[in-house]
2 protein chains.
Amino acid sequence: MKKNSRPVVVVGGGIGGLTAALALRLRGVEVALLERADEFGEVGAGLQLAPNATRILAEWGLLDKTLQLGYEPRSIVLKDALDGAELTRQDLGEEFRARYGAPYVVIHRSDLHTILLDAAREAGVELITASEVDSVTEREPAGATITVTNGGTWEADACIAADGLTSRLRDSIVGDQPIASGYVAYRGTLPRGEDAFEDVVAWVGPGCHFVRYSLRNGEMLNQVAVFRSPRFAEGHADWGGVEELDNAFSECCDEVKHGLAHLWRDRRWPMYDRAPTQQWRRGSTLLVGDAAHPMLQYLAQGACQAIEDAATLGRALDRHDGMPTTGQWQPIFDQVVAEREPQTTLVQNSARVWGDIWHTEGLGRLLRNELMQRRDTKDFRYSDWLYGAR
Amino acid sequence: MKKNSRPVVVVGGGIGGLTAALALRLRGVEVALLERADEFGEVGAGLQLAPNATRILAEWGLLDKTLQLGYEPRSIVLKDALDGAELTRQDLGEEFRARYGAPYVVIHRSDLHTILLDAAREAGVELITASEVDSVTEREPAGATITVTNGGTWEADACIAADGLTSRLRDSIVGDQPIASGYVAYRGTLPRGEDAFEDVVAWVGPGCHFVRYSLRNGEMLNQVAVFRSPRFAEGHADWGGVEELDNAFSECCDEVKHGLAHLWRDRRWPMYDRAPTQQWRRGSTLLVGDAAHPMLQYLAQGACQAIEDAATLGRALDRHDGMPTTGQWQPIFDQVVAEREPQTTLVQNSARVWGDIWHTEGLGRLLRNELMQRRDTKDFRYSDWLYGAR
């Protein structure tokens, strides 16, 4: 059985794992990253990067590439999915960029992944595929032994678990389960139309919503349709199928209905989160990204919060005197948890409430629409807590 | 069998009947008013008169008396019944009075009734008690025969039916039924405390609300507690009893709970309205007030809308050339309906929605509180339609 040894081993080659590895490597830490798949890659479509994330990409020198491959929308617009009425909008122009020190960018998930993978490789992160982690054993007084399912172990001073929503490492640390929201997402991309689609538009409706924005410098449109599955509510194990899709949007305005024709029907994303937890660390292992704080996507913050985790880890290392020795990782990790957990808990909880606000009906819809339509579009009180500098 | 004959007979000696009779009599019409009780009087406690009503009382020369017996509150304040937080307020001072041309006054229902009864008597309205109307028969081509249960009939050119929520005359014209809201009101008055209570305060909560304001020049406090009856929801015929009262407010803030001790427990007001109708006239008979448009009390407009009916009737008569002859009342009544029905329909429907907004919980409460707390208290957009000049 092959034995390896590295100061830090990162488990998971998604956005959370790559950014954590990058943040460490940029500070001179030797890092091996284990990805269970045979190749690095991401499944998905568009992804939103708010200034709390693009500010960090800029620090890492990756914002220009992100802007090249991504798209900088003009505004975020919320519309009522039933009657199509505009509810409110957030201009993303100069005032927004100046306030938050960075732009709002939308990008194909695979493009962002490629940028991060290249950056990690160039920085010298050791990138290892086909290595599914079976378990992590904490050593006394510090350090971790990572066992890979195809044989072999890694001895590390510290382990970073970035293995996502279904994190096997979280199972052994927190022991909780993902919580099904009963909502499911369908995605799709299509070539741009005659006119550029300059905004991120979200049509919000009773038990459903639909999002559309441009990708790849405006050449491609990204669409997401999300709805509450009646079959889930009825207790069926098989829920959110394509037979429920069209029906879920049958009361919606034409613009939304037309968009439904351009969705991939062979793949769907049932949506889960977990309850917030403060248990991000066990021994020398730290959970980050979705493994630490999986959230519903209504605030479009999943990737952003993972990137913030990595930046916080980097700053904690900056405050440390010299390269950490085996026993010194635990207090560094505790600083990360102390700094991050209150915010990610707020984001997780707010994402649920924000989803409820999007999907409300009847009187709730009336109140929501009135509140949003009365909102001063120059009022940043609902975004400062999320996008503002920390 | 005694036979009487008058140009106009008004059925019902409440606020709607007295004001309709007064408006006609002030224009020289000979009017007999039939009240079924042995004495004129009103059961109840406080009642709110918004400027759309006090403006009319001023025209009739009754505002000074109303202010003498009533109380002019400083503001209307909405608070959350659970945590007691202030949600929004409407200042009723100079700017408000100037905008709507009249003050906001709260008054004991019996005091307003006395003012109107005295005014009708002084104006020469023939006031007849112990006359319960059994039926009204329309004559061809015009005129009505009003039959009283204790014998006797009245021949009239026109009949005005102001017999309230349970209007027997509406039964024969519209044929609909009162709709139980499942909510019940308890009322009570108590002597003022050490400090003057200067505002109308409504605490709004999940399935309940509580209102408090001063009466009789501030010497007395008026309280109303309204709640959704669980027994009604369960289908019991007997609902809204005192055993449900305390439980309905058990989650409320202390200020509300303390108020519950000062309610009359031997009398309750189950709350009803009816669906709006355009059928206010049959032959020479016109429905007015609650007989035409009974509403839930959430906008505090029941008396106000009845008073507006009377004023509209008066203006329609002003436009008529000379005293109407028998056949000329029907087009006058149709003008009243055309002018009033769209507004009273809006008030009836809005009262229901406003009640839903008061009584919402969970996400709806969150959105309502946010909307109200963000409201510019100098913004009159929610009251212009109701209090503004017509």
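This is a short talk on a two-chain structure, and the model is a predicted one.

Let's start with the two copies. Chain B can be laid on chain A with an RMSD of 0.0 Å. The move needed is a turn of 180 degrees and a shift of 0.0 Å along the axis. The two copies are thus related as by a two-fold rotation axis. What about the contact surface? The same surface serves both copies. Of the contact residues of chain B, 100% recur in chain A.

Next, the annotation. The UniProt record, an unreviewed entry, places the feature "domain: FAD-binding" at residues 7-317 of chain A. In the model, that span is 29% helix and 32% strand. Its end C-alpha atoms lie 14 Å apart.

Helix 1 covers residues 15-25. Is helix 1 enclosed or open? Of its 11 residues, 10 are buried, so helix 1 is largely enclosed by the rest of the structure. The buried residues include A:Ile15, A:Gly16, A:Gly17 and A:Leu18. A:Leu22, A:Ala23 and A:Leu24 are buried as well.

Helix 10 of chain A is the second one. It has 18 residues, and 14 of them are buried, so this helix too is largely enclosed by the rest of the structure. Its length also checks out. At 1.5 Å a residue, helix 10 of chain A should span 26 Å. Its end C-alpha atoms are 26 Å apart, which agrees.

Take A:Arg315 and A:Glu339. They form a salt bridge, with the closest N and O atoms 3.5 Å apart. This pair links distant parts of the chain. A:Arg315 is in helix 10, residues 302-319, and A:Glu339 is in helix 11, residues 329-359. The two residues are 24 residues apart. A:Arg315 is partly exposed, at 30% relative accessible area. A:Glu339 is partly exposed too, at 35%.

Over to chain B. B:Arg170 forms a salt bridge with B:Asp176, and the closest N and O atoms are 2.7 Å apart. B:Asp176 is buried at 18%, where the cut-off for buried is under 20%.

One more pair in chain B. B:Arg265 forms a salt bridge with B:Asp246, the closest N and O atoms being 3.0 Å apart. B:Arg265 lies in the loop between helix 9 and strand 15 of chain B, and B:Asp246 lies in helix 8, so the pair ties together parts that are 19 residues apart in sequence. B:Arg265 is partly exposed, at 37%. B:Asp246 is partly exposed, at 39%. There is also a network in chain A. Salt bridges that share partners join A:Asp80, A:Asp83, A:Arg365 and A:Arg368.

Cysteines next. How many disulfides does a search of the whole structure find? Zero, over all chains. The cut-off for a disulfide is 2.5 Å. Chain B gives a like case. The sulfur of B:Cys252 is 3.8 Å from its closest cysteine sulfur, in B:Cys208, again too far for a bond. A:Cys208 is buried, with a relative accessible area of 1%. B:Cys252 is buried at 5%.

Last, some backbone points. Most residues other than glycine have a negative phi, and most peptide bonds are trans. Here are exceptions to look at on screen.

- The peptide bond from A:Glu140 to A:Pro141 is cis, with omega near 0 degrees. A:Pro141 sits in the loop between strand 8 and strand 9 of chain A.
- In chain B, a cis peptide bond joins B:Glu140 and B:Pro141, with omega about 0 degrees. B:Pro141 is in the loop between strand 8 and strand 9 of chain B.
- A:Ala130 is not a glycine, yet has a positive phi of about 55 degrees. The residue is found in the loop between strand 7 and strand 8 of chain A. A:Ala130 is partly exposed, at 31% relative accessibility.
- A:Arg216 has a positive phi as well, near 45 degrees. A:Arg216 is in the loop between strand 13 and strand 14 of chain A. Its relative accessible area is 29%, so A:Arg216 is partly exposed.

Technical notes. Residues are numbered from 1 along each chain as its sequence is written. Chains are lettered from A and ligands numbered from 1 in the order in which they are written. This is a predicted model: local features need pLDDT of at least 70, side-chain atom pairs count only at pLDDT 80 or more; totals for chains, interfaces and linings use all residues. Side-chain values use heavy atoms; hydrogens and water are left out. Copies are superposed by least squares on the C-alpha atoms of residues with pLDDT of at least 70 in both. Contact means heavy atoms within 4.5 Å. Buried means under 20% relative accessible area, exposed over 50%, partly exposed in between (1.4 Å probe, protein chains only). Helices (H or I, at least four residues) and strands (E, at least two) are DSSP runs, numbered from the N terminus. A salt bridge is a side-chain nitrogen of Lys or Arg within 4 Å of a carboxyl oxygen of Asp or Glu. The expected span of a helix is 1.5 Å times one less than its number of residues. UniProt positions are given in the numbering used here, feature names are shortened, and annotations may be inferred rather than shown by experiment.
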